[in-house]
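I would like to take you through one structure, part by part.

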Amino acid sequence: MSKEPAKVLLVGFGNPGRLDDGLGPALAEAVEAMGLPGLTVDADYQLTVEDSAEAAKYDIVVFADADMAGPEPFSVRRIRGDDDQCMSFSSHSVRPTGVLGLAKRLFNAEPRAYLLGVRGYEFNAFGDGLSARARVNLAAATDYVRDAVRSGCFREVRAGETRAGHAGQA
Amino acid sequence: MVSAKQKRIVIEPVTRVEGHGKVTILMDEDNQVTQARLHIVEFRGFERFIQGRPFWEMPVTVQRLCGICPVSHHLAAAKAVDRIVGGENLTPTAEKMRRLMHYGQTLQSHALHFFHLCSPDLLFGFDADVAIRNVIGVAAKFPDLAVQGVMMRKYGQEIIKATAGKKIHGTGAIPGGINKNLSIAERDALLKDIDQMLEWARGALKVAVDYTVENLEMASAFGSFDSSHMSIVREDGALDLYNGKLRAITATGEKIFDQVDCQEYNDYIIEGVQPWSYMKFPFIKAMTMDDGWYRVGPLARINCCDFIDTPEAEAARKAFKSVTEDKPNNITLAYHWARMIEVLHSVEKIRDLLNDTDLQGDDLVVTGERRNHAVGVIEAPRGTLIHEYEVDDNDLVVMANLIVSTTHNNQAMNEAVKRVARDHISGVSEITEGLLNHVEVAIRAYDPCLSCATHAMGKMPLKVQLIDHDGNVLSEKNT
């Protein structure tokens, strides 16, 4: 009997009204347009507590955000639930590890999770649209997600690794 | 300026509220509080930013003001631009779709605030161990409540998505109407969970009622004071969160003004300034800045209205008013009770709207005689929200004035901070985290939204400092 494919959720978050801060939602939009089987896509300004209820339904959860200072074109790292991060000073910006912490605490679920940070450059102005360099990084990250979903294999990507080595690998 | 004999306590940022703010408390050498202030440390300049933009962009553009209540700004701006296109008399489908969106927003906002920001204080005590006085502590000891908070929030967000089209930068409300109706599939998906929401809303109200009644003596004194109250009410005096006319009452219930057309708000409200704050201090024009300030939000709305037009919420309102012998309730902590009455009311309204076939209508937009000036007012979850726009003949915004709920409550929150500092911190030689949390509890009751900023990985400063009279940091807490 063949193994059932993993159910994957990608949540892009950020503010599209603040230039490259919209990289997360832009990635969500790009991969949603591909209609990849097994992938559910969501997007929002920021992560909030109810994302924990949704995350709890999936085998793999990918949080996609703009990264102000990370490696180019993007990084991917494994993350786990953190109770401390559930205790944000506000409700309007729960961190990915906080969402996972709540998923475990409230819904007894521990999906395998990754934080995908797409490097951005321009954040300090109002306006729609990504910078040219951010768009290049977005394309690379989109390819990574496409290949990872198709293969069912996500892996960490750190500074110095090339895009060609990411896709489809375990 | 802090003198050599004064001690300055800074709470920065205030936690479990929406946005960034800080509290400063000045104490003299005898540890008596001499001054306590809430500062809003963000400066947005949004009113200037939108000048020169086309007016029809406003319902979408202004959502960028805030990631917590974008729907409120969306609808307040839409109501203003309705008037600019002469389309303020919406079709039944358009008005009911907007109302559904608004009740969804109110439900999710109030539920999140109550269950996840405030319930730790109410369930564990203001000065309980900070290690358990948080949402994880609630999840551990009251798991059902914690899950209900999340699921009610989620339900409200699903309503917003179904009515606004999407969660980010929803486009549902457009000048003179709405751009979609509610499909049968969307309706049925939402109706499936409505009975559960109703049951949870009743339960949440009971938690708030029981807490307030069981702690009435403490609650009556905690950060409380007499004040005026303001909200919009329907023409027959009913609570109405979406549309109505302005009413202000005194602390004892006498009407200061009533049935004021929102287009004329400027004749009744004026915005004062203080040199130490970016936020303005609105007050009633016929009074002075010292005695004309007022409260808005759930407490003010339940105080101002004559009745609620949904049966369970109306019964809850009567019980609420009986505590103060039918006079306005001026208890700061009673905001929670009032907020949960509105949760129940919102769920009742959502149920009624979902069963209304007008939501499947196709007549979505109206237009009429164009205007160059308009005001849109809505009762946002946190209180009265005013959007005013002046546009030129090229459809560009030349003036904008936005008065958000938290600005209306600015002086009231400062009063609450002062009273709690005086009652709980004056004369105390060792300032504990629990004592400082008392100040935050008073602020949290108002559910202030201090405006949100953009974010990206690595950007979330959290710091509490205790500084002596020489400016030395005695202790520091990063959260």
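**A three-stranded sheet in chain B**

Let me begin with an open sheet in chain B, made of 3 strands in the order 12-13-14 with antiparallel pairing. Please keep in mind throughout that this is a predicted model. The edges of this sheet are strand 12 (373-380) and strand 14 (397-403) of chain B, and each of these pairs on one side only. From one strand to the next, the twist averages 15°.

Between strand 12 of chain B and strand 13 (residues 383-391) of chain B there are 8 bridges, in the antiparallel sense. To find this pairing on the screen, look for Val375(B), which stands opposite Glu388(B) in strand 13 of chain B. Helix 3 (residues 70-84) of chain B packs on this sheet and touches strand 12 and strand 13 of chain B. The direction of helix 3 of chain B makes about 150° with that of strand 12 of chain B.

**Chain B as a whole**

Let us now step back to the whole chain. Chain B holds 15 helices and 16 strands. Of its 479 residues, 53% count as buried. Among the contacts in chain B with a separation of 6 or more, 70% are between residues 24 or more positions apart.

How is chain B divided into domains? The domain assignment gives domain 1 as 7-42 + 412-477 and domain 2 as 46-171 + 179-408. In the contact between them, 26 residues come from domain 1 of chain B and 29 residues from domain 2 of chain B. On the side of domain 1 of chain B that touches domain 2 of chain B, the elements that give two or more residues are strand 3 (33-40), helix 14 (410-424) and helix 15 (433-444) of chain B. Helix 15 of chain B gives the most to that side, with 8 residues. The residues of this side of domain 1 of chain B divide into 13 nonpolar, 5 polar and 8 charged.

Lys141(B) has its place in helix 5 (residues 135-141) of chain B. Is Lys141(B) buried, exposed or partly exposed? With 13 other C-beta atoms within 10 Å, Lys141(B) is partly exposed. Lys141(B) and Leu123(B) are 18 residues apart in sequence, and their C-alpha atoms are 9.5 Å apart in space.

**Chain A and its sheet**

I turn now to chain A. Its secondary structure comes to 5 helices and 5 strands, and from the N terminus on the elements run β-α-β-α-β-β-α-α-β-α. Chain A has 170 residues, and buried residues make up 56% of them. Of the contacts in chain A between residues at least 6 apart in sequence, 70% join residues at least 24 apart.

In chain A, an open sheet of 5 strands has the order 2-1-3-5-4, with mixed pairing. Which strands stand at the edges? They are strand 2 (39-44) and strand 4 (74-79) of chain A; each has a single partner strand, so one side of each is left without a neighbour in the sheet. The twist here averages 20° from one strand to the next.

Consider the pairings in turn. Strand 1 of chain A pairs with strand 3 of chain A in the parallel sense over 5 bridges, and Leu9(A) has Val61(A) as its bridge partner in strand 3 of chain A. Strand 3 of chain A also runs parallel to strand 5 of chain A, joined to it by 8 bridges; there, Phe63(A) stands opposite Leu115(A). Strand 4 of chain A and strand 5 (residues 112-119) of chain A pair in the antiparallel sense over 6 bridges, with Val76(A) opposite Leu116(A).

**What covers the sheet and its helices**

Helix 1 (residues 23-32) of chain A packs on the sheet, touching strand 1 (8-13), strand 2, strand 3 (60-67) and strand 5 of chain A. Its direction makes about 150° with that of strand 2 of chain A. Helix 1 of chain A is mostly covered, with 7 of its 10 residues buried; among them are Leu23(A), Leu27(A) and Val31(A). What covers these buried residues includes strand 1, strand 2, strand 3, strand 5 and helix 5 of chain A.

Helix 5 (residues 132-151) of chain A lies across strand 1, strand 2, strand 4 and strand 5 of chain A, running at about 160° to strand 5 of chain A. Finally, strand 3 of chain A is mostly covered: 8 of its 8 residues are buried.

Definitions and conventions. Residues are numbered from 1 along each chain as its sequence is written. Chains are lettered from A and ligands numbered from 1 in the order in which they are written. This is a predicted model: local features need pLDDT of at least 70, side-chain atom pairs count only at pLDDT 80 or more; totals for chains, interfaces and linings use all residues. Domain bounds come from an automatic or database domain assignment. Two residues are in contact if their C-beta atoms, placed from the backbone, lie within 7 Å. Helices (H or I, at least four residues) and strands (E, at least two) are DSSP runs, numbered from the N terminus. Ala, Val, Leu, Ile, Met, Phe, Trp, Tyr, Cys and Pro count as nonpolar, Asp, Glu, Lys and Arg as charged, and the others, Gly among them, as polar. A residue is buried if 20 or more other C-beta atoms lie within 10 Å of its own, exposed if 12 or fewer, and partly exposed in between; C-beta atoms are placed from the backbone. Two strands pair if DSSP finds at least two bridges between them. Axes are lines fitted to C-alpha atoms, for helices over the stretch in contact, and angles run from 0 to 180 degrees between N-to-C directions.
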